[in-house]
Amino acid sequence: MSALDLRPAAAPAPWARRVLRHALMETRLVIRNSEQLLLAVVIPLGLIVAGVLAGDRLGLAREPFVASVIALGLWSSGFTSPAITTAFERRYGVLERLVATPLRRSDLLAGKATMIALLAVGQATVLVVAGLLLGWTPTAVAAQVVVAVAVVPLALVTFAGLALTLAGRASAEVTLGLANLIYLVGAAGGLLVPVASFPSWAQPMLRLLPTAALGETLRALATGLFDPVPLLVVLGWAIASVALARKVFRWIS
Amino acid sequence: MPAALTVADVRLSLGGRAVLDGLSLVGEHGEVTAVLGPNGAGKTTMIRCCTGLLAPDHGHVEVLGEPAGTASANARIGLMPQATGAWSGVRPAELLAYLASLYAVALPVSDLIAALGIDEFANTPYRRLSGGQQQLVNLAGAIVGRPELVFLDEPTAGLDPHARRRVWELVRELRSAGVAVVLTTHAMDEAEQLADRVVLLNEGRCVASGTVAELTAEKGLEELFLDLTTPGGSW
């Protein structure tokens with residue numbers, strides 16, 4: 001006979017505790033995962049160092065390049081990491097398991113959003129500090145700061161919506177492969193490579209991508225420009241991607 | 001007091017195949033209901049209907065007096081899944097502390113770990129545990145929130161006899177505490193040892209039900225199982 005008091009007494013913890021504990025759980029697991037740390041911090045840090053040291057020889061302007069790398073890091077935290085972790089949560093039956101707890105589906109999504117925000121803030125802090133220590137001197141105008149403050153969270157919502165759309169339908173292995181491929185495509189599609197670098201016929205299409213919207217916003221922020229157009233782009237993408245994720249996401253694989 | 005679980009004439013097709021075909025069963029508070037059936041009989045699908053992950057095409061499922069899948073019903077149940085059910089890198093102690101934190105009142109995690117013999121591997125990543133160790137962690141996760149109704153999907157699969165007996169004892173304690181237990185199993189002796197009521201499934205239908213004594217009046221439970229069910233598929 002165990003000493004456990006098994007008499008039924010199930011009742012949910014307060015909402016804030018459920019969401020916070022879930023967010024902390026997921027954050028710990030992501031931080032422990034070396035592959036995801038590589039994408040989130042190590043690669044961007046390496047790019048910043050390489051860009052600062054060899055940028056002049058490669059023709060890379062320091063201010064927009066560091067901003068591009070920060071955008072790339074946010075892309076991995078907002079898209080690649082949640083896509084892969086969620087796909088494996090479905091594969092391992094974690095989501096099926098959590099359904100039979102007080103953690104509501106909206107709590108789980110709020111927890112994931114909090115996890116992404118925590119990672120993005122931590123990652124952006126590391127990259128910004130590293131850039132500043134290496135001589136990065138962004139020259140932002142106030143109006144663009146306002147634009148960036150709106151664009152960054154909307155971009156993260158967009159990326160998370162796309163991540164859940166992919167992970168909510170595809171198998172874990174397919175998601176793993178596609179998420180890494182899409183990471184590279186996104187890096188080339190306006191994150192690391194500015195839209196102005198592409199042929200003029202391709203630029204209007206690229207400007208409609210959420211990756212380009214984030215990249216252009218941070219580059220404008222770092223170089224003293226004001227460009228509010230990306231705000232409209234990510235607003236549209238955020239609404240569409242969340243609606244799509246809600247429609248297609250499956251909790252079991 | 002309504003039954004803890006009512007499954008009434010549930011039909012569900014997946015991929016064009018009828019997985020549940022008019023299934024009905026009842027689980028009462030303070031009783032163990034054993035659901036037996038070959039692979040593919042619909043046992044896990046039935047549990048998924050009870051947690052709201054799957055919606056029946058026909059019929060209804062009521063959990064603790066509420067429609068299956070509602071947030072308030074799901075907060076009062078426990079689930080031990082048949083396989084995995086945890087992040088690969090999570091440590092058992094960490095997982096159980098997390099699950100406990102979702103409830104206003106939960107079992108003390110250290111006591112639960114001790115009761116189920118999880119101590120020795122409480123800080124080992126889940127992916128490195130044996131199948132039996134994972135089962136014990138899953139069982140602990142199912143009851144940490146002090147549920148009124150608990151679903152145990154093949155709770156002793158892969159366990160050694162010592163661990164199996166420990167799980168049986170815990171199931172009996174749950175019943176004594178007033179918890180409704182619905183367990184699926186392939187093990188006839190497990191059903192005979194634990195069940196107040198046995199439901200025998202075949203191809204998504206209940207083909208026999210009653211107490212162990214009622215069902216075994218003329219022949220053994222395994223013989224009855226072999227007579228009334230068809231060899232399992234891969235569902």
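Guide: Two residues are in contact if their C-beta atoms, placed from the backbone, lie within 7 Å. This is a predicted model, in which local features need pLDDT of at least 70, side-chain atom pairs count only at pLDDT 80 or more, and totals for chains, interfaces and linings use all residues. Residues are numbered from 1 along each chain as its sequence is written, and chains are lettered from A in the order in which they are written.

Visitor: How many residues of chain A are in contact with chain B?
Guide: In chain A, 33 residues are in contact with 41 residues of chain B.

Visitor: Which element gives the largest share of that side of chain A?
Guide: The largest share, 6 residues, comes from α1(A); helices are DSSP runs (H or I, at least four residues), numbered from the N terminus.

Visitor: Now the domains: how is chain B divided?
Guide: Chain B has domain 1 (1-76 + 148-158 + 177-235) and domain 2 (83-146), with bounds from an automatic or database domain assignment. Their C-alpha centres lie 25 Å apart. The contact takes 5 residues from domain 1 of chain B and 6 residues from domain 2 of chain B.

Visitor: What does V144(B) touch?
Guide: Not counting residues up to four places away in sequence, V144(B) touches L96(B), L99(B), A100(B), A106(B), L107(B), V109(B) and L112(B).

How values were computed: Helices (H or I, at least four residues) and strands (E, at least two) are DSSP runs, numbered from the N terminus.
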